[in-house]
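Subject: Structure handed over, with notes on salt bridges and a helix pair

Dear colleague,

Please find below the structure that I promised to pass on to you. My notes on what was found in it follow directly after.

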Amino acid sequence: MNKGLNFTLDSRLRLCADFVREGAKIADIGTDHAYLPVWLCLSGKAPSAIAADINPEPLKRGGETVAAANAEGLVELRLSDGLSEIGAEEADDIIIAGMGGELIAKILLECSFAKDKSKRFILQPMTKSELLIKALCENGYEIERQDCCIASNKCYTVLLVKYTGEIGAKDEIFFYLAKLSPKTEQTHRLFVQNHIKRLLKQANGDARFAELADRLKEYV
């Protein structure tokens, strides 16, 4: 590990990092403290990174991380609404983490180069992952990998996605399960069980959610 690193990634960000391809240029959207792009560059996995955020304050915090790690020549800070200020040639793997599934879907679908089949998107929704997965399926994106982890006593999922242009009909259950294996992987099981708990709460106003929860129970 590069001696410039004076922090470690939590399990959520580390899982995002694991999905990055070796040698890929990175754009981290909604970067906050810029921990992930700095770690990727100083660990040698990425040659360069753009740490982007829509607000100046997170970029200020990110700048402090970059300076403390002596990573100024590797990580560029950029004010950007989603990917609007990121050029297609500047990033191979794009990380959009730490925000709601609906917002992640919006950022991805508004990206001018999102349909470039050489790009990979690493997506980590904090909420409503099923709405993100639904949007991916309806717009020609394929989930290559998906995994879960526990950080700060919460269970999160991370998806590795690419554009294929293929749109196929999906059962609604797929939006909750996608590539997860809850029968064999403990964190996957916990993530799906959290879906079930939430659906049962929603069932108070709509019985359809109870039916969906019952169907999901068959997979855990």
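Predicted model: local features only at pLDDT ≥ 70, side-chain atom pairs only at ≥ 80, totals over all residues.

Residues are numbered from 1 along each chain as its sequence is written, and side-chain values use heavy atoms, with hydrogens and water left out.

Salt bridges come first. Side chains of opposite charge can pair when their charged atoms come close. With a salt bridge defined as a side-chain nitrogen of Lys or Arg within 4 Å of a carboxyl oxygen of Asp or Glu, the count comes to 14.

One of them joins Glu110 to Lys106, with the closest N and O atoms 3.1 Å apart; Glu110 is exposed at 56% relative accessibility, whereas Lys106, at 46%, is partly exposed.

Another pairs Arg78 with Glu90, where the closest N and O atoms are 2.7 Å apart. This pair links distant parts of the chain, since Arg78 lies in strand E3 (residues 75-79) and Glu90 in the loop between E3 and strand E4 (93-99), 12 residues apart; strands here are DSSP runs (E) of at least two residues and helices are runs (H or I) of at least four, numbered from the N terminus. Arg78 is buried, with a relative accessible area of 14%, while Glu90 is partly exposed at 22%. Both residues also belong to a network of salt bridges that includes Glu76.

The helix pair is the other finding. The axes of helix H7 (residues 186-202) and helix H8 (residues 207-217) come within 8 Å and cross at roughly 160 degrees, the axes being lines fitted to C-alpha atoms over the stretch in contact, with angles running from 0 to 180 degrees between N-to-C directions. That makes H7 roughly antiparallel to H8, a term for angles over 145 degrees. The contact (heavy atoms within 4.5 Å) is made by residues including Val192, Ile196 and Leu199 of H7 and Phe209, Leu212 and Leu216 of H8.

Terms used
Parallel < 35°, antiparallel > 145°, perpendicular 65-115°, else oblique. Buried < 20%, exposed > 50% of the residue type's maximum accessible area, 1.4 Å probe, protein only.
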